[in-house]
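Student: I have a model open and want to go through a few spots in it. Can we start with one side chain and its surroundings?
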Amino acid sequence: MKENKKYWYIARAYHVSPELCSMLDRLPFEYFAPMSEKKMVVKGKDVKRNVPLALNYVFFHTDDFQFLRSMIRDMSRVTMLYHSPSRDAKSNTKDTQYRPMIANDREMEMFIKAASFYTQGAPLTVPDRKLMMKGDRVRIIDGPFKGVEGTLISQQGKDGGKVVVSIGDLVSVPTLDISPENIQVIRFAHGNKHIYKKMDSFKPRVEKALKKRSSGEELQEEEKDAIENFIKRFSSVETDTVNTEARLTMLVLLGYYALQMPKETRMYFLKLRDEILPRVKSERIKEKIQQCLGKVLL
């Protein structure tokens, strides 16, 4: 039976080779089985060989799984992957269906973009789930990996480092080291209080900038850079509580105001006043929001 929606179905090949890819090219749907040119020594001579990047995984994009499965059956070197039957904890009954493994479009978009960057072999690995749970969810906003979203797995300098892009627990590809200014935090890892330290550190800096603005004094370039970097990195963070959202939005608003950016200032002013303030329950936070709004002259 044909599905209404396209999915990326996951298969495993005995060996992803140029010959197999030639066979897959004849199938009537999209697939992803990246190959890379690798230098090696064969019988004392330097040669170049095409080798698979993704640990012999092949990803098929189609809305007709039954047709895909029938086509794959004729290929002795490719096997569709399935989830093992799961047990319902409430009813203590076992699901007898073997569901095909799939990846969603967003996962594949990020994975293909990251993996396709490598032409001389990518360090693809099986993800370490414990390691991944510790990392912040981030977006790369500039450079070769621009647009890629993943998990920050190593830090270098001021919050820069490698970002890993994964397909579930099957396979992952880490990026090269990403400069701190090119990393935007989407969501902090569970239990990570890093955002509070960042806000506490930024608050006196933006207050100093506001005093300079009110006195007509120009901000130094390093002061502007510090404010811009905070906004760029943390303005899109998903927060767990409305109070944290309010606090972060106030700092971003004041940052834009200090930089004399009227369009952005107005946008965050309205967001704080019309979207966040009505949801806040704490009288103390409400008072702080009103004080913040009073500092901004539109």
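Tutor: Fine. Bear in mind that this is a predicted model. Take E223, which touches K208 and K212, leaving aside residues up to four places away in sequence.

Student: Which helix is E223 found in?
Tutor: E223 sits in helix α6, residues 221–234.

Student: Buried or exposed, E223?
Tutor: E223 counts as buried, because its relative accessibility is 10% and the cut-off for buried is under 20%.

Student: What lies 2.8 Å from the backbone nitrogen of Q220?
Tutor: A polar atom of the E223 side chain is at that distance from the Q220 nitrogen.

Student: Switching to helices. At what angle do α7 and α8 cross?
Tutor: Roughly 155°, with the axes of α7 (residues 242–258) and α8 (residues 262–276) coming within 8 Å. Therefore α7 is roughly antiparallel to α8, since angles over 145 degrees count as such.

Student: And is that crossing left-handed or right-handed?
Tutor: The α7 and α8 crossing is left-handed.

Student: Which residues meet there?
Tutor: From α7, they include M250, L253 and Y257; from α8, they include Y268, F269 and L272. The residues of this α7 contact with α8 divide into 11 nonpolar, two polar and three charged.

Student: Now the whole chain. How many helices and strands?
Tutor: The protein chain has nine helices and 14 strands. Of its 298 residues, 41% are buried.

Student: What about contacts between residues at least 24 apart?
Tutor: They make up 64% of the chain's contacts between residues at least 6 apart in sequence.

How values were computed
Residues are numbered from 1 along each chain as its sequence is written. This is a predicted model: local features need pLDDT of at least 70, side-chain atom pairs count only at pLDDT 80 or more; totals for chains, interfaces and linings use all residues. Side-chain values use heavy atoms; hydrogens and water are left out. Helices (H or I, at least four residues) and strands (E, at least two) are DSSP runs, numbered from the N terminus. Buried means under 20% relative accessible area, exposed over 50%, partly exposed in between (1.4 Å probe, protein chains only). A polar contact is a pair of N or O atoms within 3.5 Å; within protein, one must be able to donate a hydrogen and the other to accept it, and residues adjacent in sequence count only if both atoms are side-chain atoms. Contact means heavy atoms within 4.5 Å. Axes are lines fitted to C-alpha atoms, for helices over the stretch in contact, and angles run from 0 to 180 degrees between N-to-C directions. Angles under 35 degrees count as roughly parallel, over 145 as roughly antiparallel, 65 to 115 as roughly perpendicular and the rest as oblique. A crossing is left-handed if the near helix is turned anticlockwise from the far one by less than a right angle, and right-handed if clockwise. Ala, Val, Leu, Ile, Met, Phe, Trp, Tyr, Cys and Pro count as nonpolar, Asp, Glu, Lys and Arg as charged, and the others, Gly among them, as polar.
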